[in-house]
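Dear colleague,

I am handing over the structure we spoke about, and below it you will find my notes on what turned up. Please read them with the structure open beside you.

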Amino acid sequence: MLVLGIESSCDETAAALVLSGSTILSSSVASQIDTHHPYGGVVPELASRKHIESIVPVVEDALKKAGKTPGQIDAVSVTQGPGLIGSLLVGYSFAKGYAYALGIPWVGINHLEGHVNSVFLTQAPPAFPFTALLASGGHTGIYHVVSHTEIEIMGQTRDDAAGEAYDKVAKMLGLGYPGGHVIDGMAKKGDLFNIPFPKPYLDKNAFDFSFSGIKTAVSRYIQKHTDTFSDNIPDIAAGFQESVVEVLTHKLIMAAEIKGVNHVAVVGGVAANTYLRKRIEGAAAEKGLSVHIPPPELCGDNAAMIAATGYHYLKKGDRSSMDSDVFSKVKVK
Ligand code: KG4
Ligand code: ZN
């Protein structure tokens with residue numbers, strides 16, 4: 001089954017052609033970073049307008065790269081939510097119209113399930129069941145993954161998402177937007193323990209997260225050292241990253257142990273973080289767990305993961321109806 005995936009939940013317009021839920025024929029992503037960069041974050045109204053401009057060229061690009069024509073597509077899978085309503089509506093309405101015009105089935109997909117299924121686009125996907133850490137700009141959670149479509153939440157952030165904390169700290173340090181990648185690079189030049197920040201485990205035995213406290217601690221440090229903090233940016237970045245990564249690693253490994261699984265996965269934009277990858281690989285090796293992390297281009301928002309997830313719903317016979325709508329907040333399917 002050849003599935004066209006469409007993703008437009010935040011600031012990336014993406015389309016992909018994926019065969020049988022696992023083989024990527026093409027994956028096209030139009031990023032809006034340049035549009036939002038001057039504002040230090042995503043401006044929803046600008047995001048919607050950019051999606052409208054990009055959706056047709058991105059779908060055409062995905063078809064061209066895959067060497068396919070619209071008539072060869074068997075079904076369409078599109079992000080239904082969570083995300084920015086105006087952004088989601090562009091992809092969702094396009095997908096409805098496109099599938100209707102072609103006379104093929106289509107299905108709306110939960111973006112978070114899409115991230116979890118991104119590991120099935122890699123050479124060595126995990127066997128079920130496994131524990132997944134999803135850390136992105138909009139969400140942070142731990143999931144017990146029973147099958148492609150049975151994904152149980154074990155814990156999630158109570159305030160900021162991990163990626164959001166990276167972005168906010170980067171902004172405070174004057175490192176631009178989005179900040180995850182820059183802090184990742186900057187932290188390599190710093191000392192992990194020179195400037196320690198709190199490690200918010202909350203309950204050490206539970207799986208909820210809270211990252212707003214670390215962000216506030218960084219802000220206080222900057223206020224207290226107004227004249228000197230700019231000389232210590234690598235150490236601040238490294239200290240901040242040590243706190244975030246330590247908590248994410250601890251909770252993922254603990255969740256896997258409690259569930260008695262043998263495999264863990266890390267997905268979402270923050271899964272591209274080199275220090276997080278290293279720490280989780282180290283901690284998992286100590287416990288004899290196999291680690292599955294997609295390559296960076298599949299960690300960030302993309303449509304291949306939406307096509308891969310949709311394939312499994314479509315195979316079960318799931319279809320979305322013309323009067324269905326997008327949703328902004330996490331909804332249990
Ligand atoms: O999954 P994603 O592309 O979009 C959402 O669904 O939110 O994640 C974007 C987030 C941003 O907050 C970005 O700063 C973060 O992922 N990110 C990183 C890295 N690369 C991207 N965070 C830490 N280290 C990185 N290398
Ligand atoms: Zn995402």
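**Salt bridges and the ligand site**

At a relative accessibility of 58%, Arg158 counts as exposed. Please keep in mind throughout that this is a predicted model.

Arg158 forms a salt bridge with Asp208, and the closest N and O atoms of the two are 3.2 Å apart. Because Arg158 sits in the loop between strand E8 (151-156) and H5, while Asp208 sits in the loop between H6 and helix H7 (212-224), the pair ties together parts that are 50 residues apart in sequence. Asp208, for its part, has a relative accessibility of 24% and so counts as partly exposed.

A second pair is made by Lys215 and Asp160, which form a salt bridge with their closest N and O atoms 2.9 Å apart. This pair, too, links distant parts of the chain, with Lys215 in helix H7 and Asp160 in the loop between E8 and H5, 55 residues apart. Both Lys215 and Asp160 are buried.

Within helix H5, Lys168 and Glu164 lie four residues apart, about one turn of the helix, and they form a salt bridge in which the closest N and O atoms are 3.0 Å apart. Lys168 is partly exposed, with a relative accessible area of 31%, and Glu164, at 24% relative accessibility, is partly exposed as well. Asp160, Glu164, Lys168 and Lys215 are linked in a network of salt bridges, and the structure holds ten salt bridges in total.

Turning to the ligand, 21 residues surround ligand 1, and the closest are Gly137, Asp167, Asp184, Asn273 and Asp301. By class, this shell has five nonpolar, 13 polar and three charged residues, and it draws at least three residues from each of domain 1 (2-116 + 301-315) and domain 2 (126-293).

Which side chains and backbone atoms make polar contacts with ligand 1? A nitrogen atom of ligand 1 is 3.0 Å from an N or O atom in the side chain of Asp184, an oxygen atom of the ligand is 3.3 Å from an N or O atom in the side chain of His111, and an oxygen atom of ligand 1 is 3.0 Å from a polar backbone atom of Asp301. The protein covers 86% of the 560 Å² of accessible area that ligand 1 has on its own. Helix H4 (111-117), helix H5 (162-172) and helix H6 (180-187) are the elements that give two or more residues to the shell around the ligand.

Technical notes. Residues numbered from 1 in each chain as written. Chains lettered and ligands numbered in written order. Predicted model: local features only at pLDDT ≥ 70, side-chain atom pairs only at ≥ 80, totals over all residues. Heavy atoms only, no water. Near = heavy atom within 4 Å. Polar contact = N/O pair within 3.5 Å; in protein donor to acceptor, adjacent residues only side chain to side chain. Areas by Shrake-Rupley, 256 points an atom, 1.4 Å probe, with all protein chains shown as cover. Nonpolar A, V, L, I, M, F, W, Y, C, P; charged D, E, K, R; others polar. Domains from an automatic or database assignment. Salt bridge = Lys/Arg side-chain N within 4 Å of Asp/Glu carboxyl O. Buried < 20%, exposed > 50% of the residue type's maximum accessible area, 1.4 Å probe, protein only.
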